[in-house]
Amino acid sequence: MRRPTTTALVLVASAALTLSACGRAETDGAGGEPQTGTDVAEGAADGTITVWAMGAEGEKLPDLAAQFEEENPGAKVNVTAIPWDAAHDKFTTAITANSLPDAAMVGTTWMGEFAGLDALDPLPENLEVDGFFEGAQGTTEVDGTSYGIPWYVETRLLYYRTDLAEQAGFDEAPTTWEGLKEMAKAMQTEAGAEYGIGLQAGGTGSWQTVMPFAWGEGAELTDGEGYTFDTPEMLEAVEYYQSFFDEGIANKSAPAQPTTEPDFVSGDVPMFISGPWMMSAVEEVGGEGFEDKYSVAKIPEGSAGSSSFVGGSDFVVFKSSQERDTAWKFVEFLADPEVQATWYDMSTDLPSVQSAWDTDALASDEKLSVFGEQLETAKAPPSYPTWEQVVASLDTELEKVTKTGADPAEALKTVQQQADSIGTGQ
Amino acid sequence: MLGSRKQQYWLYGVLAVALVAVIAPFVWMVLGSFKTTGELRQSPPTWWPETATLDNYTQLFARLDFGGYFTNSIVVATAVTAGNLVFCSMLGYALAMLDFRGKRALFVVVMTTLMIPGVVTFVPLFVLVANAGLVDTLPGLFLPFLVSPFGVFLMRQFILGLPRDLVDAGRVDGAGELRIYWRIILPLCGPALATLGILTFLGSWNNFLWPLVVAQTEQSYTLPVALALYSTGQNSTQYGLLLAGATVVVLPVLVVFMIFQRRFIEGIATTGIK
């Protein structure tokens, strides 16, 4: 006689638990017409704002914020540094519980999702922020509406060992797809390299190395209505990428956490494609004098020119902010070319404002200025809320293509199907 | 006992291999914390630091407000452990030894919550804590975890194995339930409490996501959160700092284990009846 009661109770209890877990109200998406935020009040900023920033940026931002407080004596900026690990979870939880800071640094690929949750305040029209790299500016835009500024940027370049290239008979970096492959081959035959170039053999983030080639070929990842992966341009790039693995120029079975730096220093793998942080990393492993043994070059050109992936972080203001005007003024301050240059000195984060690159520290550095050049044509992926989900399937298919020699056309078809079934999320 | 001597050699051989497999990463961590970044990423890797350096440790203590994070971690882990030991054993006692209406149903509910993964209740729990105004406070870090379904289950199963005669004897002598629980049952629960204590302390000490989300300022960060903050970047990781931090973070857990592990091997509680 007890059993029915028990079962009923369990059912009720688990139902209640399930319900409470899914009890998030549907929010209006940011679809429709492009929006701008209401104007920010004139004059100096005042009030106290809380700002979240990740990792090293969070550690160093208080020093920059002190300068803002000096210029606006009534304002106070409390910076909380949060770890990159799981930062995304922290944001989404805070959005759900409405316990957000006033402003924050956010990853460029999170914009679509946060805007879709109706958490971000559109950029006010009267804010003086402009002159960003086009690709970087694109990361802040969701469905035509800009939700903040690109704070700092990074892009991917071709790293190569100049001394070994010379040995292989090349005194310049390659500028074409064929040139790159020839040079990588020569590194193996003439300069004793185990593999000509280190490329990621699929898996998380490998799209960031493939897309520069696809964009160079003129590929577009969206037609404004949905994802477009199954295009001739994409196919060319993926086929080209695959050929490095098929011909044994790149390592099919490279570990997920590759030993890029030591391999680069030893000359086993004298070329790879990566971002600016790799400069200090290889120099640290290479020791003194290593900075003269390598160089960086723009991604070799496809039929539409040279392109690359633009990353970095954006800075946004949340709708829930009580000190909205002050928060936006702080964002305006961060986008100032001079402040951007100061921030480079503090953090070595590359400025997102083009004119900040004219300062000595950046313009005189040979390697850094190549990053500056590449940034002019570098692109960002579409800012749909589902992007991270969709691109995971591209990464998986790329792994099949590189490791097992799967047909690139089939792979892209699969990605397209999955992208279509997931949708843009807008 | 274990058959022939040959079999014993075999057994020790297997155990030795297993021991090396378990200890090696640990040794690597400790030795690695004295290496330079260049050496850590060197290929082939070295076991013994070629140029031993204390840089990682100086950085760890200079850049991090180590004392503050350490205190937070200790307070949270101790509170959670104490709460679990008291409340789980209380509930376990009630479910095992008392008779009351709906006892069976209550137990099934506890078991049901055990089946629900933490990620599902994570956001609702956070909303509750936020509405209670406990965000960014230490109580917010430990209050939701003072009792765990697993702990209740563990204690109930253990107490079920204790002789009921002990409880009856207590009742005959006029002891109340609280007194029976406290003076008779709890002293016999040593091994179960030790197990629960170690598991809970370890879980709370290593917990990353909850403190990350609830702590909104660095003042209430715990060690794992602080460590992740300083060692992991957007595109790179400072392995030296991470290893040094991990070495220091592991020490308190070792101490707790040393304290409790003797109780693991202590006699079975049922020897209370002769």
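**Helix packing and selected residues**

Visitor: Which hand does the crossing of α2(A) and α13(A) have?
Guide: The model under discussion is a predicted one. In it, the crossing that α2(A) makes with α13(A) is right-handed.

Visitor: What term describes the orientation of α2(A) to α13(A)?
Guide: The axes of α2(A), residues 55–71, and α13(A), residues 337–347, come within 10 Å and cross at roughly 140 degrees. Roughly antiparallel would require an angle over 145, and roughly perpendicular one of 65 to 115. The orientation of α2(A) to α13(A) is therefore oblique.

Visitor: How many residues of each class make up the contact of α2(A) with α13(A)?
Guide: From α2(A) come E57(A), K60(A), L61(A), D63(A), L64(A) and Q67(A), while α13(A) supplies V339(A), T342(A), W343(A), M346(A) and S347(A). By class, this contact of α2(A) with α13(A) comprises three charged, three polar and five nonpolar residues.

Visitor: How many nonpolar residues does the contact of α9(A) with α17(A) have?
Guide: The crossing of these two helices, α9(A) and α17(A), is right-handed. On the α9(A) side the contact involves M234(A), L235(A), V238(A), E239(A) and Q242(A), and on the α17(A) side P408(A), A409(A) and L412(A). Beside one charged and one polar residue, the number of nonpolar residues in the contact of α9(A) with α17(A) is six.

Visitor: How many of the residues of α12(A) are buried?
Guide: The buried residues of α12(A) include R324(A), K329(A), W328(A) and F330(A). Helix α12(A), residues 324–334, is mostly covered, the buried count among its eleven residues being nine.

Visitor: Which residue's side chain is joined to that of D121(A) by a polar contact of 2.9 Å?
Guide: D121(A) lies in the loop between α4 and α5 of chain A. Its relative accessible area is 9%, below the 20% cut-off, so D121(A) is buried. Leaving aside neighbours within four places in sequence, D121(A) touches Y147(A), V317(A), F318(A), K319(A), R324(A) and W328(A). The polar contact of 2.9 Å links the side chain of D121(A) with that of W328(A).

Visitor: Which residues of chain B are in contact with V285(A)?
Guide: V285(A) belongs to helix α11(A), residues 277–286. Its C-alpha atom is separated by 7.2 Å from that of V265(A), 20 residues apart along the chain. Neighbours within four places in sequence aside, V285(A) contacts E261(A), P262(A) and V265(A), and from chain B, G38(B) and R41(B).

Visitor: Is N98(A) buried or exposed?
Guide: N98(A) is placed in the loop between α3 and β3 of chain A. Although not a glycine, N98(A) has a positive phi of about 55 degrees. Its relative accessible area is 54%, and since the cut-off is over 50%, N98(A) counts as exposed.

Visitor: How is D143(A) classed by relative accessibility?
Guide: D143(A) sits in the loop between β4 and β5 of chain A. D143(A), likewise not a glycine, has a positive phi of about 55 degrees. With 32% relative accessibility, between the limits of 20% and 50%, D143(A) is therefore partly exposed.

Technical notes
Residues are numbered from 1 along each chain as its sequence is written. Chains are lettered from A and ligands numbered from 1 in the order in which they are written. This is a predicted model: local features need pLDDT of at least 70, side-chain atom pairs count only at pLDDT 80 or more; totals for chains, interfaces and linings use all residues. Side-chain values use heavy atoms; hydrogens and water are left out. Axes are lines fitted to C-alpha atoms, for helices over the stretch in contact, and angles run from 0 to 180 degrees between N-to-C directions. Helices (H or I, at least four residues) and strands (E, at least two) are DSSP runs, numbered from the N terminus. Angles under 35 degrees count as roughly parallel, over 145 as roughly antiparallel, 65 to 115 as roughly perpendicular and the rest as oblique. A crossing is left-handed if the near helix is turned anticlockwise from the far one by less than a right angle, and right-handed if clockwise. Contact means heavy atoms within 4.5 Å. Ala, Val, Leu, Ile, Met, Phe, Trp, Tyr, Cys and Pro count as nonpolar, Asp, Glu, Lys and Arg as charged, and the others, Gly among them, as polar. Buried means under 20% relative accessible area, exposed over 50%, partly exposed in between (1.4 Å probe, protein chains only). A polar contact is a pair of N or O atoms within 3.5 Å; within protein, one must be able to donate a hydrogen and the other to accept it, and residues adjacent in sequence count only if both atoms are side-chain atoms.
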